[in-house]
Amino acid sequence: MSGHLAEAISIAEIARLCRLSLSYFVRAFSNTVGIAPYAWFVQQRISHAKRLLTGSSLPLAQIALECGFSDQAHFTNAFVKATETTPARWRRKALAHRQAA
């Protein structure tokens, strides 16, 4: 799943590839990892976005697409939900912190 962050995800398809029912896969994944598969996937996309925000000068819209979000608004909404700040604010703060160090 980590290698396919930019692609659309179907938890049902992943369950099928694992030869498990959807409900069993979701329950087993949640019990093992501690969160639901889709929440984990979004978390991985946000982590990848953070790396791109600090390690590149890509525009937010491009980062959104590189991380598998449908557009910048979808990316911003997911990012704010995960971090309580916008990607642009997070980038400015992270870069300022890096320059101060």
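**Entry 1. Terms and overall layout**

I note first that helices are DSSP runs of H or I with at least four residues, numbered from the N terminus. The model I am looking at is predicted.

I counted the elements and found six helices and zero strands in the chain. Read from the N terminus on, the order is α-α-α-α-α-α. I looked up the extent of the C-alpha trace, which spans about 50 × 25 × 20 Å along its principal axes. Of the 101 residues in the chain, 28% are buried. I also looked at contacts with a separation of 6 or more, and 49% of them join residues 24 or more positions apart.

**Entry 2. The largest pocket**

Which helices each supply at least two residues to the lining of the largest pocket? I found α3 (37–55) and α5 (72–83). The volume of this pocket is about 190 Å³. I listed its lining as Tyr38, Ala39, Val42, Gln43, Ile46, Phe69, His74, Asn77, Ala78, Lys81 and Ala82. Sorted by class, the lining has seven nonpolar, three polar and one charged residues.

**Entry 3. The second largest pocket**

I went on to the second largest pocket, which holds about 160 Å³ of space. Its lining consists of Met1, His4, Glu7, Ala8, Ile9, Ser10, Glu13, Ile14, Leu17 and Phe41. Which helix gives the most to this lining? I found that helix α1 (residues 11–17) does, with three residues. By class I have six nonpolar, two polar and two charged residues in the lining.

I then looked up two of the lining residues. His4 sits in the segment before α1. Its relative accessibility is 43%, so I put His4 down as partly exposed. His4 and Phe41 are 37 residues apart along the chain, and I have 9.6 Å between their C-alpha atoms.

Ile14 belongs to helix α1. Is Ile14 buried or exposed? Its relative accessible area is 15%, and the cut-off for buried is under 20%, so Ile14 is buried. Beyond its neighbours within four places in sequence, Ile14 contacts Met1, Ile9 and Phe25. I also noted Val26, twelve residues from Ile14 along the chain, with 9.9 Å between the two C-alpha atoms.

**Entry 4. Helix α3**

I checked the span of α3. The buried residues I found in α3 are Pro37, Trp40, Phe41, Val42, Arg45, Ile46, Ala49, Leu52 and Leu53. What do these buried residues pack against? I have α1, α2 (22–33), α4, α5 and α6 as their partners.

**Entry 5. Helix α6**

I made the span check on helix α6 (residues 87–100) too. At 1.5 Å a residue, its 14 residues should span 20 Å, and the end C-alpha atoms are 20 Å apart, which agrees. Pro87, Arg91 and Ala94 are the buried residues of α6. Why do I place them on the same side of α6? They cover an arc of only 75° around the axis, and therefore lie on the same side. On the other side of α6 I found Arg92, Lys93, His97, Gln99 and Ala100 exposed. The cover over the buried residues of α6 includes α3, α4 (60–66) and α5.

**Entry 6. Loop residues**

Thr85 lies in the loop between α5 and α6. With 18% relative accessibility, Thr85 counts as buried. Leaving out residues up to four places away in sequence, Thr85 touches Phe79, Val80 and Trp90.

Glu84 is also in the loop between α5 and α6. It is not a glycine, yet I have a positive phi of about 65° for Glu84. Glu84 is exposed, with a relative accessible area of 74%.

Arg19 is in the loop between α1 and α2. Its phi is near 60°, a positive value in a residue other than glycine. The relative accessible area of Arg19 is 76%, so I noted Arg19 as exposed.

Notes:
Residues are numbered from 1 along each chain as its sequence is written. This is a predicted model: local features need pLDDT of at least 70, side-chain atom pairs count only at pLDDT 80 or more; totals for chains, interfaces and linings use all residues. Side-chain values use heavy atoms; hydrogens and water are left out. On a 1 Å grid over the protein atoms alone, a cavity is a set of points where a 1.4 Å probe fits but cannot get out, and a pocket is an open set with protein on both sides within 12 Å along at least five of seven lines; lining residues have an atom within 4 Å of a point. Grid points are joined across faces, edges and corners, and a volume is the space filled by probe spheres set on the points. Ala, Val, Leu, Ile, Met, Phe, Trp, Tyr, Cys and Pro count as nonpolar, Asp, Glu, Lys and Arg as charged, and the others, Gly among them, as polar. The expected span of a helix is 1.5 Å times one less than its number of residues. Buried means under 20% relative accessible area, exposed over 50%, partly exposed in between (1.4 Å probe, protein chains only). The arc is that of the directions from the helix axis to the C-beta atoms. Contact means heavy atoms within 4.5 Å.
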